[in-house]
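The following exercises are to be worked with the sequence and the model at hand. Each task is followed by a solution in steps.

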Amino acid sequence: MLSSIAFASKSFLELSLRAIFLLSIFMAGSLAMAGEFNPDRNIGDVAPAWVDLPGTDGKRHSMKDLSESEVIVVAFTCNSCPYAVDYQGRINKLAEKYHGSNSRVRVVAINVNQVPQDSLEQMKEVAKKGNFLFPYIYDASQKIAKEFGAGRTPEFFVLNKERKIVYMGAFDDNTKEADVTKHYVVDAITATLEGNAVPVAETNPVGCAIRWAKERRKAK
């Protein structure tokens, strides 16, 4: 009788330990799907690709168009957020630094907001006024921002040659350009081009929340 009870207790203990082990693996896998500040993406993930999105230049844009570039900087931005507006000049300076048909680095800005001020027509006016040297493209579906796990404007992602995310977060450490001391995106580009590890791979993006389209509840 005692041996039967001992055997049952041992079996129960083994099953419990196995369950805990499997649960820990599941939780570890779930945690690996997201970064410290990004709910869906982690450093090292292959970035999602945008396909056939309209730009302010009248062209359609896809990630595959940049296949020759060693580094791609993706900036989720807009017209309506004061933070995003403050960074337009900095994004353009970055694009100007690497401007040219043979550049190893490309900068792309994507707007997904669905408010009148962020319409494609308004984007065209902003791009013309700011003399943007980078593609400024629009995704009305908001799909690409969701796939990147982006939640702020502006929010930046640096991709390497394999299109893996090597940096994500803020452009730099201060919204006031004169007080910037750390250049996260620029440092990530430099390290990636030199084949080195990115010194700071993730930061908390600072800006306005992306204006997601409201989904209507289906009538029961």
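**Exercise 1: A buried asparagine**

Asn-92 touches Gly-130, Asn-131, Phe-132, Leu-133 and Phe-134, leaving aside residues up to four places away in sequence; contact means heavy atoms within 4.5 Å. The model is a predicted one, in which local features need pLDDT of at least 70 and side-chain atom pairs count only at pLDDT 80 or more, while totals for chains, interfaces and linings use all residues. Residues are numbered from 1 along each chain as its sequence is written, and side-chain values use heavy atoms, with hydrogens and water left out.

Task: Determine in which helix Asn-92 lies, whether Asn-92 is buried or exposed, and which backbone nitrogen its side chain reaches.

Solution. 
1. Asn-92 belongs to helix H2; helices (H or I, at least four residues) and strands (E, at least two) are DSSP runs, numbered from the N terminus.
2. The relative accessible area of Asn-92 is 12%, so the residue is buried. Buried means under 20% relative accessible area, exposed over 50%, and partly exposed in between (1.4 Å probe, protein chains only).
3. The side chain of Asn-92 reaches the backbone nitrogen of Leu-133 at 2.8 Å. A polar contact is a pair of N or O atoms within 3.5 Å; within protein, one must be able to donate a hydrogen and the other to accept it, and residues adjacent in sequence count only if both atoms are side-chain atoms.

**Exercise 2: Strand S4 and its surroundings**

Task: Describe how many residues of S4 are buried, which strands S4 is joined to, and how many residues S4 gives to the lining of the largest pocket.

Solution. 
1. In strand S4 (residues 105–111), 6 of the 7 residues are buried.
2. Strand S3 (residues 71–76) runs parallel to S4 and is joined to S4 by 6 bridges; two strands pair if DSSP finds at least two bridges between them. Here Val-71 stands opposite Val-105.
3. Strand S5 (residues 136–138) is likewise parallel to S4, with 3 bridges, and Ala-109 stands opposite Tyr-136.
4. The buried residues of helix H5 pack against several elements, including S3, S4 and helix H2.
5. S4 gives the most to the lining of the largest pocket, with 4 residues. This pocket has about 520 Å³ of space and is lined by 28 residues, with Leu-66, Arg-106, Val-107, Leu-133 and Pro-135 nearest its centre.

Note on methods: On a 1 Å grid over the protein atoms alone, a cavity is a set of points where a 1.4 Å probe fits but cannot get out, and a pocket is an open set with protein on both sides within 12 Å along at least five of seven lines; lining residues have an atom within 4 Å of a point. Grid points are joined across faces, edges and corners, and a volume is the space filled by probe spheres set on the points.
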